Amino acid sequence: MKTETKRLAWLRPELRELVPYAVSPITVPVAVNANESAQSLWDLPEIRQALLEELQNTAPQHYPKPYADELRSLVADYVGRTQDEVLLANGGDDILGLMAQAFIAPGDTALIHTPTFEMYQLGVTGMGGRVVAVPDTGFYEHDVEGMLAAIAKEQPKIVYLCNPNNPTGRPWQREELERLIEVAPGIVLLDEAYMEFAAPEVSLIPAIDTYDNLFVLRTLSKAFGLAGARLGYIVSQKENINLLSRVKPPYNLNAFSQALGRVALRYKDTVLAGVSTVCSERDRMIADIEALPDIAVVPSKTNFLFVTSPKATAIYEALLEEGILVKYYGAGHPLHGGLRITVTTESINTRILKTLAKVVKP
Ligand SMILES: *Cc1c(COP(=O)(O)O)cnc(C)c1O
């Protein structure tokens, strides 16, 4: 047997300190820790039949379409662009990996703000790049001036921006994003994973005509309820999509996921009908939480809430007791004292609110 030290020496040096991403086992009936949709496509009667037909017509012995042509054209229509401005991959996470592979060389710098989506850092570190982080200020407010100064100083290869941001839920202003995109000397990767829950008119997808350096990431995991199918995409000028295509494995997107994605987009009005309910539920929860003592909530424009409280651990435990798992940041984590809660069905949201009230106002 090799000793642990010997094995570690096999790894590329930049990977030796990394810990594999771990997901807590779900042992309770309700998991609202991962921003998933509460709705299964199988439960929408009109869609169920279409899903069965598509899956039946999918042949497992054949390789899938390398660029998922039909799905790609449906996605292009959905975002109002052409097919050659869209690239699909195995989830947004896979897109982030491709972006890092294509653009980050050892020693390159990437700029993020904190807290934000953890996967940005992983992609950059994995390629031997270095991540510079500008902390949010106040109650998780984006430090635009700090970001501008960091761009000027570090000249980052990629600037990662997430609108609205995960895990805080806070949106960026359009002018803030445009100021950053204008001064960025390299690429800006704008992550719009939750855009359907914000105002679709604040999407910067139309701005790819203006900005050569803008790549906009989207996913079918959240509003479309297809986290299990792993379907993500990026939208940019077609010359940029061509650059990224160089690192895409030929058959990265399996045929069954492509089939599920086609149905979700063909029936997008039905699939997305629940989004406005989630948004009004989110706003109701924010209003209720704002009226409670000892707990604060970021004004979210997503399908989740980030709350902070000196009683965060007690809240987490009380919710578990109720059979509800939220995202908890353990002692030592920079976000300790915070909890991220996915907005879900009205009755569960109400149970969550009651439990929060019970803990902070015993
Ligand atoms: C969920 C999420 C993604 C993409 O997730 P996939 O399931 O891999 O498509 C990307 N960015 C953010 C901020 C997310 O929360």
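Let's start at the ligand. One of its oxygen atoms sits 2.6 Å from an N or O atom in the side chain of arginine 230. The protein covers 94% of the 380 Å² of accessible area that the ligand has on its own. Keep in mind that this is a predicted model.

Two further polar pairs. Threonine 219 has a polar side-chain atom 2.6 Å from a ligand oxygen. For asparagine 166, the distance from a polar side-chain atom to an oxygen of the ligand is 2.9 Å. There are 14 residues around the ligand, and Gly92, Asp191, Thr219, Ser221 and Lys222 come nearest.

Now lysine 222. An unreviewed UniProt entry annotates Lys222 as "modified residue: N6-(pyridoxal phosphate)lysine". Where does lysine 222 lie? In the loop between strand S7 (214-219) and strand S8 (232-235). Buried or exposed? Lysine 222 is at 14% relative accessibility, and the cut-off for buried is under 20%, so it counts as buried. Setting aside neighbours within four places in sequence, its contacts are Ala34, Asn35, Ser37, Ala193, Tyr194 and Phe197.

Next, strand S7. Six of its six residues are buried, so S7 is largely enclosed by the rest of the structure. In a regular strand, side chains alternate between the two faces of the sheet. Here both faces are covered. Leu214, Val216 and Arg218 are buried on one side, and Phe215, Leu217 and Thr219 on the other.

Last, the strand partners. S7 pairs with strand S6 (residues 187-191) in the parallel sense, over four bridges. Valine 188 stands opposite leucine 214 there. S7 and S8 run antiparallel, also joined by four bridges. Arginine 218 has tyrosine 233 in S8 as its bridge partner.

Terms used:
Residues numbered from 1 in each chain as written. Predicted model: local features only at pLDDT ≥ 70, side-chain atom pairs only at ≥ 80, totals over all residues. Heavy atoms only, no water. UniProt positions renumbered as here; feature names shortened; annotations may be inferred. Helix = DSSP H or I, 4+ residues; strand = E, 2+ residues; numbered from the N terminus. Buried < 20%, exposed > 50% of the residue type's maximum accessible area, 1.4 Å probe, protein only. Contact = heavy atoms within 4.5 Å. Near = heavy atom within 4 Å. Polar contact = N/O pair within 3.5 Å; in protein donor to acceptor, adjacent residues only side chain to side chain. Areas by Shrake-Rupley, 256 points an atom, 1.4 Å probe, with all protein chains shown as cover. Pairing = 2+ DSSP bridges.
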